[in-house]
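Look at the model below and follow how its side chains pack.

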Amino acid sequence: MCMWSHLVEKSLNGEEITDQEAFEVLNCPDDELLNLLHQAYQVRKAHYGNKVKLNMIVNTKSGFCPENCGYCSQSRDSSAPIQKYRMMDKDTIVKGAEKASKMGSGTYCIVASGRGPSKRELDIVTSAVKEIKEAYDMRVCACLGLLKAEQAEQLKEAGVDRYNHNINTSENHHDEITTSHTYHDRVGTVNHAKEAGISPCSGVIVGMKETKQDVIDMARALKTLDADSIPVNFLHAIDGTALEGTDELTPSYCLKVLCLFRFINPTKEIRVSGGREVNLRSLQPLSLYPANSIFIGDYLTTDGQESTEDHRMIEDLGFEIDVVNEDKVMM
């Protein structure tokens, strides 16, 4: 019997894996990696088949953020030479949805830098969302920072399907990454979204000098939060940020992390997110054996690969794009 098959049985039966088993996944010998991926794929296949969900980001406001997150080129402490601009107008946001639809994306993610949205920014987003939902059969995700309960309700009323607010790291490691807000501030925003009836999306950034125990704690915290979608980002350290020069990840370790998240959160959308191109490199296709979702196009302040390469990767694997409504998507 494969040494990892018991994890498949536990995951499919809704049983928790132990910390010892979780460490075994993260410490998997590289010559066992293909076996581990195969077992994680059994769990992924049971819930999602060979479907891959596509997501596209629009960065509606860049820079000018008062927070001090060490990974972020948009933070107040960053000297990274990024493009900075205030909130886009409604028409530009709606135009981005058209592009997302043409690229086959099932989810359009409206992202803005900052601690949280102002009234004006929230009004622009909700107005844009109403138009998008009328024109396109796609999910809309908003990522606007910390939310108040009434703001979450306003987004729900406008038609927002999902709200993203990452925990980013473990509660234990949080103060090493940012001190301008608390871990519980982030958890509170996810809960506000859930209480408003919005699907919660929350994920992590791996590679920020955390321990393997921190990685395990992150996966368990997201299970407790019951996040429907879990983006797993791998740090792409940007010059000018506090984490500049950090380079702790290998492609094989990234794959082991994705397997761990699949075993701990078997029914959830696991999305390979920021940093996949630079950290997974030539092993990117293997990430879709434990994960079932990717971002296409560019990220917030870093470039992704061409969407045609993502489509080709999915096709070459024998997987297929999970389309909301095939009649409305132009490939």
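Predicted model: local features only at pLDDT ≥ 70, side-chain atom pairs only at ≥ 80, totals over all residues.

Y289 has a relative accessibility of 24%, so it counts as partly exposed. Residues are numbered from 1 along each chain as its sequence is written, and side-chain values use heavy atoms, with hydrogens and water left out.

**Aromatic rings**

The structure holds 3 aromatic pairs. Rings of Phe, Tyr and Trp (its six-membered ring) pair if their centres lie within 6.5 Å; planes under 30 degrees apart are stacked, those over 60 are edge-to-face and the rest are tilted. Two of the pairs share Y41 and are set out here.

| Pair | Centre to centre | Angle between planes | Type |
|---|---|---|---|
| Y41 and Y289 | 5.4 Å | 70° | edge-to-face |
| Y41 and F319 | 6.3 Å | 5° | stacked |

Y41 lies in helix α3 (residues 33-48) and Y289 in the loop between α11 (276-280) and β9 (293-296), so their pair ties together parts that are 248 residues apart in sequence. Helices (H or I, at least four residues) and strands (E, at least two) are DSSP runs, numbered from the N terminus. F319 is in the loop between α12 (307-317) and β10 (320-321), so its pair with Y41 of helix α3 links parts 278 residues apart in sequence. Y41 counts as buried because its relative accessibility is 11%, and F319 counts as buried at 8%. Together, Y41, Y289 and F319 form one aromatic cluster.

**Nonpolar cores**

A nonpolar core is a set of buried Ala, Val, Leu, Ile, Met, Phe, Trp, Tyr and Cys residues joined through side-chain atoms within 4.5 Å. The largest one has 87 residues, and Y108, V232, F234, F261 and F263 have the most contacts inside it. Helix α10 (residues 251-264) supplies the largest share of this core, 10 residues. Apart from it lies another core of 8 residues, including I177, I205, M208 and L235.

What is F261 in contact with, leaving aside its neighbours within four places in sequence? The list is V204, V215, M218, A219, L222, I230, V232 and I270, where contact means heavy atoms within 4.5 Å.

**Charges over a ring**

A charge sits over a ring if NZ of Lys or CZ of Arg is within 6 Å of the ring centre and within 35 degrees of the ring normal. The charged end of K84 sits over the ring of F64, 6.0 Å from its centre. R86 lies over the face of F64 as well, at 3.8 Å from the ring centre.

**Cysteines**

A disulfide is a covalent bond between the sulfur atoms of two cysteines. If a pair of cysteine sulfur atoms within 2.5 Å is required, the count is 0 disulfides. For C143, the nearest cysteine sulfur is that of C141, 6.7 Å away. C143 counts as buried, at 16% relative accessibility.

**A buried glycine**

G63 lies in the loop between β1 (51-61) and α4 (90-102). Its relative accessible area is 0%, so G63 is buried. G63 and Q83 are 20 residues apart in sequence and 7.4 Å apart in space, C-alpha to C-alpha. Setting aside neighbours within four places in sequence, G63 is in contact with Q74, I82, K84 and S113.

Definitions and conventions
Buried < 20%, exposed > 50% of the residue type's maximum accessible area, 1.4 Å probe, protein only.
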